[in-house]
Amino acid sequence: MQKALVLGAQGFIGKHISQFLRGKKIDVLSADVKAEDSDAELSLDIVHFEGVFQAIQRLQPEIIINAAGVYRANTPQVFYNVNCLGSV
């Protein structure tokens, strides 16, 4: 069975992507910055590159989908860091 890592799995798009993949019989590993308050299996912040890379090395997913992002941020820098640099 293929394994997919979905970053931002608790967001609107991430939830739908995860549901679609599960319907295709793909093992979904869900990750979100708010994992402790959700159904996500992993707590990952996409701006902390090392943690994301370590998770990828450990989990060895065949598919990686980055659905993480913010549409409201306290500062333009946070918006840029998450939406432009996150997991690059």
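Biologist: How much space lies in the largest pocket?
Modeller: About 560 Å³, in a predicted model. A pocket here is an open set of points on a 1 Å grid over the protein atoms alone, where a 1.4 Å probe fits, with protein on both sides within 12 Å along at least five of seven lines. The volume is the space filled by probe spheres set on the points, which are joined across faces, edges and corners.
Biologist: How many residues line the largest pocket, and which lie nearest its centre?
Modeller: The lining has 21 residues, with Gly 11, Lys 34, Ala 68, Gly 69 and Val 70 nearest the centre; a lining residue has an atom within 4 Å of a point.
Biologist: Which elements give two or more residues to that lining?
Modeller: α1 (12–23) and β2 (27–32), and α1 gives the most, with 3 residues. Helices (H or I, at least four residues) and strands (E, at least two) are DSSP runs, numbered from the N terminus.
Biologist: Switching to Asp 32, buried or exposed?
Modeller: Asp 32 sits in strand β2 and is buried at 6% relative accessible area; buried means under 20% (1.4 Å probe, protein chains only).
Biologist: What does the Asp 32 side chain reach at 3.1 Å?
Modeller: The backbone nitrogen of Gln 10. The Asp 32 side chain also reaches the backbone nitrogen of Ala 9, at 3.5 Å.

Technical notes:
Residues are numbered from 1 along each chain as its sequence is written. This is a predicted model: local features need pLDDT of at least 70, side-chain atom pairs count only at pLDDT 80 or more; totals for chains, interfaces and linings use all residues. Side-chain values use heavy atoms; hydrogens and water are left out. Buried means under 20% relative accessible area, exposed over 50%, partly exposed in between (1.4 Å probe, protein chains only). A polar contact is a pair of N or O atoms within 3.5 Å; within protein, one must be able to donate a hydrogen and the other to accept it, and residues adjacent in sequence count only if both atoms are side-chain atoms.
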